[in-house]
Amino acid sequence: MGWKDEIRLIALILLFVVTAAFLTDTWFPWLLSGTLVYLGWHLFHLHKINKILRHGHKPSVSLTYGLWGQVFGNIADQWNKRHTQRLRLIGYLRELRETIQVLAEGVLLVDKALRIVWCSQSATRLLGISCSQNPGKYLLDIVQHPVLDEYIAQGNFSSPLIMRS
C-alpha cells in the first residue's frame, strides 16, 4: 500500500500546486512551494528515523503514511524481533545463573580485562570475597593465588582453571 499512498500524496500536492498556480498565474513559486513541502515531508521522517535509531525506541507506525509507513513498519517489526530475542536471552541467562548457583564449585565470570562480572555463592564462600561489593574490580586484586597467577600468565583460557581448596 506504501507506493500507492505515496503516489496519492504526490498527486495531492501537484493538484494543489497546479490549482494555485493556475488561479494566480504564477507557476514558479507554487512549484517551488510544492517541492519544498514534499522535501520537508521526507526530511521530517528522516529525522524521526534518526531519532529512533539513536535512542533505540520502538517506532510509532500509526503516525506515518505512504512509503514511510512501510519503512517504519519494517523497523517496528525488527524492533519486536530483537526485543523478543533479548527477553529470551535474559531468561536463558537467568536459568544459567540459577543452575550455576547450585554447584558446589565456585564459579567466577570475568570479562576480557579480567574484571569480575559475576560470581556464584559458592565462589563467595570458597574464596572469601563478596561479589556484590566487588563487581568490576580486577580479579587479581581480589583473589591472590600462585596457580591463578600462572593460569593468567599463560593466557590459554580454552580450559577452565580448577583450584583445589
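Two residues are said to be in contact when heavy atoms lie within 4.5 Å. In that sense, Glu105 touches Ser120, Ser122 and Leu126, not counting residues up to four places away in sequence. The model described here is predicted. The protein contains 6 helices and 2 strands, arranged along the sequence in the pattern α-α-α-β-β-α-α-α.

**Overall dimensions**

- The radius of gyration of the protein is 30 Å, whereas a compact globule of 165 residues would have one near 15 Å.
- Taken along the principal axes, the C-alpha atoms fill a box of roughly 95 × 30 × 30 Å.
- Buried residues make up 24% of the 165 residues of the protein.
- Among contacts in the protein with a separation of 6 or more, 26% come from residues 24 or more positions apart.

- Asp5 belongs to helix H1, which spans residues 2-24.
- Asp5 has a relative accessible area of 13% and is therefore buried, since the cut-off for burial is under 20%.
- The side chains of Asp5 and Arg8 are joined by a polar contact of 2.8 Å.
- Beyond its neighbours within four places in sequence, Asp5 is in contact with Tyr65 and Gly66.
- The loop between H1 and helix H2 (27-55) holds Asp25.
- Asp25 is not a glycine, yet it has a positive phi of about 60 degrees.
- Most residues other than glycine have a negative phi.
- With 60% relative accessibility, Asp25 counts as exposed.

- Glu105 lies in the loop between helix H3 (67-101) and S1.
- The relative accessible area of Glu105 is 51%, so this residue is exposed; the cut-off is over 50%.
- Between Glu105 and Thr35 there are 70 residues in sequence and 70 Å in space, C-alpha to C-alpha.
- Ser122 sits in helix H4, residues 121-127.
- The side chain of Ser122 reaches the backbone oxygen of Leu103 at 2.8 Å.
- Leaving aside neighbours within four places in sequence, Ser122 is in contact with Leu103, Ala104, Glu105 and Gly106.

**The strand pair**

- Strand S1 (residues 108-110) pairs with S2 in the antiparallel sense over 3 bridges.
- Leu109 has Trp118 in S2 as its bridge partner.
- S1 and S2 form a hairpin, with 5 residues between them.
- Leu114 is in the loop that joins S1 and S2.
- The phi of Leu114 is positive, near 65 degrees, in a residue other than glycine.
- Leu114 counts as buried, at 13% relative accessibility.

**The largest nonpolar core**

- The largest nonpolar core has 12 residues in all: Leu114, Ile116, Cys119, Ala123, Ile129, Cys131, Leu139, Leu140, Val143, Leu148, Tyr151 and Ile152.
- Two or more residues of this core come from each of strand S2 (116-119), helix H5 (139-142) and helix H6 (146-154).
- H6 gives the most to this core, with 3 residues.
- Leu139, one of the core residues, is in contact with Leu108, Val110, Leu114, Ile116, Leu148 and Ile152, leaving aside its neighbours within four places in sequence.

- Which residues of H6 are buried? They are Leu148, Tyr151 and Ile152.
- These residues lie on the same side of H6 because they cover an arc of only 95 degrees around the axis.
- An α-helix has 3.6 residues a turn, so residues three or four places apart point the same way.
- Pro146, Ala153 and Gln154 are exposed on the other side of H6.
- H5 is included in what covers the buried residues of H6.

Methods. Residues are numbered from 1 along each chain as its sequence is written. This is a predicted model: local features need pLDDT of at least 70, side-chain atom pairs count only at pLDDT 80 or more; totals for chains, interfaces and linings use all residues. Side-chain values use heavy atoms; hydrogens and water are left out. Helices (H or I, at least four residues) and strands (E, at least two) are DSSP runs, numbered from the N terminus. Buried means under 20% relative accessible area, exposed over 50%, partly exposed in between (1.4 Å probe, protein chains only). A polar contact is a pair of N or O atoms within 3.5 Å; within protein, one must be able to donate a hydrogen and the other to accept it, and residues adjacent in sequence count only if both atoms are side-chain atoms. A nonpolar core is a set of buried Ala, Val, Leu, Ile, Met, Phe, Trp, Tyr and Cys residues joined through side-chain atoms within 4.5 Å. Two strands pair if DSSP finds at least two bridges between them. The arc is that of the directions from the helix axis to the C-beta atoms. The radius of gyration is taken over C-alpha atoms; the globule rule is 2.2 Å times the number of residues to the power 0.38.
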